[in-house]
Amino acid sequence: LAVASKLPMGSSCSRFNGYEINRRFADRIEATVTHVEVAAENVPCTADPPVFVTYIPLGDDFEGGRNYSVFVNGEEYIFTTK
């Protein structure tokens with residue numbers, strides 16, 4: 001799973017903070033990607049809101065021909081395996 005996130009503040013004030021995966025249901029994957037704002041003392045935030053791509057391994061235990069729902073920070077995406 002590749003998740004593209006536009007960090008809310010410039011690169012000098014935003015940092016990737018990790019991700020969590022929840023696969024408690026067979027056909028539903030929940031992913032939460034987080035970022036933090038870092039206030040640098042006496043350093044202004046830059047005006048370059050970067051896009052950060054997070055690659056999340058989901059494993060390979062998917063059944064062929066089945067629909068799966070992936071929720072990333074609450075937004076649902078559906079894919080069907082072949």
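Entry 1. I began with Asp61, which counts as exposed at 54% relative accessibility. The model is predicted, so I kept local features to pLDDT of at least 70 and side-chain atom pairs to pLDDT 80 or more, while totals for chains, interfaces and linings use all residues. Residues are numbered from 1 along each chain as its sequence is written, and side-chain values use heavy atoms, with hydrogens and water left out.

I then looked up the partner of Asp61. Arg23 forms a salt bridge with Asp61, and the closest N and O atoms are 3.2 Å apart. For a salt bridge I required a side-chain nitrogen of Lys or Arg within 4 Å of a carboxyl oxygen of Asp or Glu. Arg23 sits in strand β2 (residues 14–25) and Asp61 in the loop between β4 (51–55) and β5, so the pair ties together parts 38 residues apart in sequence. Strands here are DSSP runs of E with at least two residues, numbered from the N terminus. Arg23 itself is partly exposed, with a relative accessible area of 28%.

**Entry 2. The other salt bridges.** I counted four salt bridges by this rule. Side chains of opposite charge can pair when their charged atoms come close. Arg66 and Glu63 meet through their side chains at 3.1 Å, N to O. Arg66 is partly exposed, at 27% relative accessibility. I also noted a network of salt bridges that links Arg24, Arg28 and Glu30.

**Entry 3. Glu30.** Is Glu30 buried or exposed? I found Glu30 buried, at 17% relative accessibility. Glu30 is in strand β3. Its salt bridge with Arg24 is 3.5 Å, N to O, and Arg24 is exposed, with a relative accessible area of 57%. The two side chains are also joined by a polar contact of 3.5 Å. That term means a pair of N or O atoms within 3.5 Å; within protein, one must be able to donate a hydrogen and the other to accept it, and residues adjacent in sequence count only if both atoms are side-chain atoms. Leaving aside neighbours within four places in sequence, I listed Glu20, Ile21, Asn22, Arg24 and Phe71 as in contact with Glu30. Contact means heavy atoms within 4.5 Å.

**Entry 4. The core.** Which residues make up the largest nonpolar core? I read off eight: Val3, Ile29, Ala31, Val33, Ile56, Leu58, Val70 and Val72. Such a core is a set of buried Ala, Val, Leu, Ile, Met, Phe, Trp, Tyr and Cys residues joined through side-chain atoms within 4.5 Å. β3 (28–37) and β5 each supply at least two residues of this core, and β3 gives the most, with three. In soluble globular proteins, nonpolar side chains tend to be buried together.

**Entry 5. Asn73.** I checked the loop between β5 (67–72) and β6 (75–80), where Asn73 lies. The phi of Asn73 is near 50 degrees, a positive value in a residue other than glycine. Asn73 is partly exposed, at 47% relative accessibility.

**Entry 6. Confidence.** I took pLDDT as the predictor's confidence in each residue, from 0 to 100. The chain has a mean of 86, and 98% of its residues reach 70 or more. Confidence is lowest in β4, at a mean of 87, and highest in β5, at 95.

Key
Helices (H or I, at least four residues) and strands (E, at least two) are DSSP runs, numbered from the N terminus. Buried means under 20% relative accessible area, exposed over 50%, partly exposed in between (1.4 Å probe, protein chains only).
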